[in-house]
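The points are grouped by topic.

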Amino acid sequence: MDKLIMGRYIPGDSVIHRMDPRSKLLVMIAFVFILFLANDWLGYSVLLVYTFTAIFLTKIKIGYFLRGLRPMLGLILFTLIFQVLFTPGTHEIFHLWIIDITRESIINGIYIFFRFVLIIFMSTILTLTTPPLTLADGIEMGLAPLKKVKVPVHELGLMLSISLRFIPTLMDDTTMIMNAQRARGMDFGEGNLVQKIKSVIPILIPLFVSSFRRADDLAVAMEARGYQGGDGRSKYRALKWQIGDTLSVLVLFIVMVILLAWRQFWYWY
Amino acid sequence: MIEFKNVSFEYQPNSPFASKALFDINLKIKDGSFTALIGHTGSGKSTLIQHLNALLKPTQGTVMIGDLEIKPESKQKDIKVARKRVGVVFQFPEAQLFEETVLKDVAFGPKNFGVSLEEAEKTAREMLDRVGIAEEFFEKSPFELSGGQMRRVAIAGILAMQPQVLVLDEPTAGLDPKARLEMMNMFYNLHIEQKMTVVLVTHNMDDVADYANEVYLLEKGHIILSGLPSEVFQRPEFLLKHQLGLPKATSFALKLQKRGLDFEKLPTTQQELVVQLESRLKRG
């Protein structure tokens, strides 16, 4: 489990680390949409420069980002190959039955590849530089306008931060229970499918039971400390929108304008 | 007999998260002995325990469990036998219960090692009796029991595998004093009556002094001290320097010593203390 880089926070003190989680989330979501505006070499190079500048600003080794790609590599290659094989085009390079490799299909494949890589890099920047709890705060505040349509934003935020907090604890529990059952002669991941599914029961049941107990204890402890719901609470971790945040949103806006203009230009041309 | 020959262990070797937990460990657990493992939290005790029943394979060196040799390159299949020979009771073992009834849960272990259902249930009954669970609880769900009872059931589940070596990782953590004493006495009786080898991980120095006949002190993955409890506790400064406690009897004797009462040999158990004080009073 420790090999998973995605979703892991690496403490640091960079411009990006200090940014407000709301602006990071906003930039991240907007980036995904802007990515679909790019459809040629210029668009992609602008976005590549943008992303790599952001990576450089995090002061985190590029290796971490590359490792974040690894679990997705299969999916990326799968899409890439299908794009290359089945995109119709005019400059034919290779032809066999329904398979048609053309210059367009290869270029298209490369674009798709970069689209994946950029999305993964951007989301990795977000998770590597934002502590999970701050991220949860950011999401809660970002959803705040939805209160008007009766979405229980505070409860959602609370559940999110509690779940994030308990992921490592539950992981530890799982390893502990697995070890205990292995010590009782249990084999995991052996035998046929039915046996494999059956071997999950001695882990799942204790895990659920301990989660129930934990939830119970936690609820009691929260009540004992005077928790009564979201109304009238103040915040300990106040989020602060700084110049850097405005700036980062602005830069992304400019990138978007450039890309839009470039598209329009081609359209007219 | 369990023997560690130059055993080292590293978590997630060859990765950026690699961390070494054991360094060049040599130790012998003789058949029929009562060995105590002490050390600070994070000293590598739990990692070491998982080597005793081959849950972890050493990254260097060899662990001998009887005639079974566990090396870094040993195959998982060949070392499963170790799990039957060495029963490990992990910390808070009540978290491992999952079956519908107490009896089934205790029989789970032996069944995994190929014992027939009837045979497994028979052993399960015996072991439940041994740990002091009354017959009326056998058909109940383990989740209906109290914390202390759940722990007994979990321990019975390990005993039912009829291991030659019993490893206990802080078995009395979180129990009340009466249950603590009962449980420790139960382990001690197993050790005396059935000649069972017991390995005990504990922070309670009184238990070490009262029951163990061999102590290993771990620090940061190294064994820094070993020997008889009565010898080990003769060096209070050393233990205090390494942030470990002393048995109550020993620290009391030390206080008396400061006030001018000299001991030839520091007592480690209450009994020893009483005997030594008595002989002193008789001499006047």
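Predicted model: local features only at pLDDT ≥ 70, side-chain atom pairs only at ≥ 80, totals over all residues.

The lining of the second largest pocket divides into 14 nonpolar, six polar and eleven charged residues. About 1,000 Å³ of space lies in this pocket.

**Second largest pocket**
- Of the 31 residues that line the second largest pocket, His154(A), Leu158(A), Ser161(A), Tyr227(A) and Arg233(A) are the closest to its centre.
- Helix α8(A) supplies nine lining residues, the largest share.
- At least two lining residues come from each of α7 (132–143), α8 (153–183) and α10 (201–224) of chain A.

**Cavity**
- The count of cavities of 30 Å³ or more comes to one.
- The space in the largest cavity is about 30 Å³.
- Chain A contributes Met176(A), Ile177(A) and Ala180(A) to the lining of the largest cavity.
- From chain B, the lining of this cavity has Phe90(B), Gln91(B), Phe92(B), Pro93(B), Ala95(B) and Gln96(B).
- Seven of the residues lining the largest cavity are nonpolar and two are polar, with no charged residue.

- Strand β6 (residues 86–89) of chain B is covered on both faces.
- Val86(B) and Val88(B) lie on one side of β6(B), Gly87(B) and Val89(B) on the other, and all four are buried. They count as buried because each has under 20% relative accessible area.
- Strand β7 (residues 165–169) of chain B pairs with β6(B) in the parallel sense, over four bridges.
- Leu168(B) in β7(B) is the bridge partner of Val89(B).

**Nonpolar cores**
- The largest nonpolar core has 52 residues, and those that touch the most other members are Leu128(B), Val153(B), Ile155(B), Leu159(B), Leu166(B), Phe187(B) and Val208(B).
- Helix α6 (residues 147–159) of chain B gives this core seven residues, the largest share.
- Leaving aside residues up to four places away in sequence, Phe187(B) touches Ile155(B), Leu166(B), Leu168(B), Pro171(B) and Val198(B).

Terms used:
Residues numbered from 1 in each chain as written. Chains lettered and ligands numbered in written order. Heavy atoms only, no water. Core = buried A, V, L, I, M, F, W, Y, C linked by side-chain atoms within 4.5 Å. Buried < 20%, exposed > 50% of the residue type's maximum accessible area, 1.4 Å probe, protein only. Contact = heavy atoms within 4.5 Å. 1 Å grid on protein atoms, 1.4 Å probe; cavity = no way out; pocket = protein on both sides within 12 Å on 5 of 7 lines; lining within 4 Å. Points joined across faces, edges and corners; volume = space filled by probe spheres on them. Nonpolar A, V, L, I, M, F, W, Y, C, P; charged D, E, K, R; others polar. Pairing = 2+ DSSP bridges.
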